[in-house]
Amino acid sequence: MSSGELLHIQPQELQFPFELRKQISCSLQLSNKTDNYVAFKVKTTNPKKYCVRPNTGVVMPRSTCDVIVTMQAQKEAPPDMQCKDKFLLQSVVASPGATTKDITPEMFNKESGHDVEECKLRVVYVAPPQPPSPVREGSDEDSSPRASVSENGHSSAAEFTGASKAFNERAEHQDASFEARAHISKVTEERNSVVEQNRRLQQELELLRRDASRSHGGVPFMYVVLVGIIGLILGFLLKRT
């Protein structure tokens with residue numbers, strides 16, 4: 001902060017977060033620590049490039065005044081982001097109760113014997129602030145998608161659409177996996193059933209053979225053949241599953 005006898009100026013550098021084709025503003029705070037009315041005037045080496053509001057004014061005793069300096073949109077960046085523009089803030093004691101209408105160019109003329117205080121301010125270009133990184137809330141295991149909420153309270157449609165799409169794809173994948181598991185379980189049960197039936201038929205066939213050998217042909221031959229054919233059919237079905 002510049003500590004003059006009349007006005008304290010903060011900051012002493014005009015810092016602009018430079019961006020091409022964008023109008024940028026910064027502010028100065030003028031503090032009057034005296035018991036006098038202080039008139040001020042702001043000049044610049046490049047008046048077409050900047051707009052100063054107010055460029056003249058009166059700061060009442062023990063009060064402050066804000067000055068907004070706006071840089072017009074630039075089509076190209078200066079070499080090495082260095083700026084040679086400068087500002088000059090002049091201040092002088094005004095009559096009690098003075099207002100902006102009472103300020104005249106003559107008040108800031110040193111040759112007329114006025115005690116004019118001057119403060120030079122340089123212009124500095126700085127990098128623009130980076131937007132905050134989005135933070136995901138919750139975990140990937142949530143049962144439903146959640147839309148991120150911006151600072152003004154409205155959800156981002158693009159993020160919500162993306163989350164909904166991801167959730168639907170995950171749900172479809174889970175449904176497909178469930179159907180596949182159910183089909184495999186059904187096929188396995190059918191296979192086990194065929195294996196069990198084939199085992200029982202083989203046992204019955206073996207018993208019939210034993211009984212036939214004991215009774216020397218007491219069991220009809222066609223019945224034995226029929227049971228054997230059924231066993232072959234079940235075996236063929238078992239191989240297909």
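How many bridges join strand β5 to β9? Eight bridges join β5 (residues 37–44) to β9, and the two run antiparallel. The model is a predicted one, in which local features need pLDDT of at least 70 and side-chain atom pairs count only at pLDDT 80 or more, while totals for chains, interfaces and linings use all residues. Residues are numbered from 1 along each chain as its sequence is written, and side-chain values use heavy atoms, with hydrogens and water left out.

Strands here are DSSP runs of E with at least two residues, helices are runs of H or I with at least four, and both are numbered from the N terminus. Two strands pair if DSSP finds at least two bridges between them. Five strands form an open sheet of mixed pairing, in the order β3-β10-β9-β5-β7. Its edge strands, each pairing on one side only, are β3 (13–17) and β7 (56–59).

Strand β9 (residues 86–94) contains Gln90. Gln90 has a relative accessible area of 4%, so it is buried (buried is under 20%, exposed over 50% and partly exposed in between, with a 1.4 Å probe and protein chains only). The side chains of Gln90 and Glu118 are joined by a polar contact of 2.9 Å. Such a contact is a pair of N or O atoms within 3.5 Å; within protein, one must be able to donate a hydrogen and the other to accept it, and residues adjacent in sequence count only if both atoms are side-chain atoms.

Aromatic rings come next. Rings of Phe, Tyr and Trp (its six-membered ring) pair if their centres lie within 6.5 Å; planes under 30 degrees apart count as stacked, over 60 as edge-to-face and the rest as tilted. By this rule there are three aromatic pairs. The rings of Phe16 and Tyr50 are tilted because their planes lie at 40°, with centres 5.9 Å apart. This pair links Phe16 in β3 with Tyr50 in strand β6 (residues 50–53), 34 residues apart. Phe16 is buried at 0% relative accessible area, and Tyr50 is buried at 5%. Phe16, Tyr50 and Phe87 form one aromatic cluster.
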